[in-house]
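Open the model in your viewer and keep the selection tool ready. The stops below say what to pick and what is there.

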Amino acid sequence: MIKPSNSKTSNLVSIKWLQDVINKSDLIILDATMKKKPNGESIAPPSVNIPGAKMFDFDTEICDQKSDLPHMLCSPKEFEGAVRKLGVNSHSTVVVYDAMGIFSSPRAWWMFKMMGHDQVFVLDGGLPKWIEANYPTESGYSAATSTGNFCSNFRPEQVFTDKQVLANLNNKEIQILDARSTARFLAEEAEPRKELKGGHIPNSYNLPFTELLNKGYFKDKAELSQILASLITKEMKKMVFSCGSGVTACVLSLAADECGYKDCIVYDGSWSEWGASDSFPIEM
């Protein structure tokens, strides 16, 4: 098992660290790039990849195929089978990245965490910073040389359903944080999915995920802690993160975990579920 040298508790690794250990046998590198940005614009598939990287497609493959909602978390058994095909073992050190820098890779990080795998890290700066540093790249993805032995150990307490969100709207010990843009949160900008209403979950606070980033990297812990402390009061015992479809909510979850917050929960259906229903209350 490879131990990142920057911090025992950090969820992030630097591009230099990855370059230094890239040939280690128990390292698994996964590209978790999505096809669309939060505003619905297409993301061009990366023309090059980090050497040895495999594609981690949680958007259309490693997700709940029976759900009408986008990229919902699949079952522990399905996840286990999918990552074994990628060569992931129970002892593997997994590094995830994406072509936007910091956007969809925290979702992959969260999925592994949900399935009980703690030796998973996000590449801070992602593919753009790797390329900027002139580190080696290759075209195409690598194939797994063997089937892994990964075993899921599901952590259901780290994900909320719509019913759980609804039941806790007035719970003073739970704070919902929405990672969408302020314009979408306030219904001043149309949702990229036309079937969704504008607005936000009642009593939720807005924390656009971009406010946690600086030039393609996560801000340092001191800055992240200050941002989160301005929204989280001492009586809050749990944080629930939401966004458009459960992706950038994981950026907030990673930042909160990085700063030592416990009981960080992602509302998996997020606004794709809440904003499409006539049964849920909405604020603007």
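Select helix 3 (105–114) to begin: this helix gives the most to the lining of the second largest pocket, with three residues. Helices here are DSSP runs of H or I with at least four residues, strands are runs of E with at least two, and both are numbered from the N terminus. The model is predicted: local features need pLDDT of at least 70, side-chain atom pairs count only at pLDDT 80 or more, and totals for chains, interfaces and linings use all residues. Residues are numbered from 1 along each chain as its sequence is written, and side-chain values use heavy atoms, with hydrogens and water left out.

**The pocket**

Stay with the second largest pocket, whose volume is about 330 Å³. Show Lys113, Gln158, Asp257, Tyr261 and Lys262, the closest to its centre of the 15 lining residues. Helix 3 and helix 8 are the elements that give two or more residues to the lining. Colour the lining by class and you get four nonpolar, four polar and seven charged residues. Ala, Val, Leu, Ile, Met, Phe, Trp, Tyr, Cys and Pro count as nonpolar, Asp, Glu, Lys and Arg as charged, and the others, Gly among them, as polar.

A pocket is an open set of points on a 1 Å grid over the protein atoms alone, where a 1.4 Å probe fits, with protein on both sides within 12 Å along at least five of seven lines; lining residues have an atom within 4 Å of a point. Points are joined across faces, edges and corners, and the volume is the space filled by probe spheres set on them.

**The cores**

Next, select Phe56, Phe79, Trp110, Phe112, Leu177 and Phe218. These have the most contacts inside the largest nonpolar core, which has 57 residues. Helix 8 (residues 249–258) gives the most to this core, with seven residues. Apart from it lies another core, of 16 residues, including Val13, Phe121, Leu123 and Trp130. A nonpolar core is a set of buried Ala, Val, Leu, Ile, Met, Phe, Trp, Tyr and Cys residues joined through side-chain atoms within 4.5 Å. Buried means under 20% relative accessible area, exposed over 50%, and partly exposed in between (1.4 Å probe, protein chains only).

Centre on Leu177. Leaving out residues up to four places away in sequence, Leu177 touches Tyr205, Leu207, Leu228 and Leu231, among others. Contact means heavy atoms within 4.5 Å.

**Leu166**

Go to helix 5 (residues 162–167) and pick Leu166. Leu166 is partly exposed, at 38% relative accessible area. Beyond its neighbours within four places in sequence, Leu166 is in contact with Trp274, Phe280 and Pro281.

**Two positive phi angles**

Most residues other than glycine have a negative phi. Select His71, in the loop between strand 3 (54–55) and helix 2 (76–85). Its phi is positive, near 35 degrees. His71 is buried, at 4% relative accessibility. Then jump to Asp263, in the loop between helix 8 and strand 12 (264–267). Asp263 has a positive phi of about 55 degrees and is partly exposed, at 43%.

**The cysteines**

How many disulfides are there? The count is zero, with a disulfide taken as a pair of cysteine sulfur atoms within 2.5 Å. For Cys74, the nearest cysteine sulfur is that of Cys63, 7.2 Å away. Finish at Cys243, which is buried at 1% relative accessible area.
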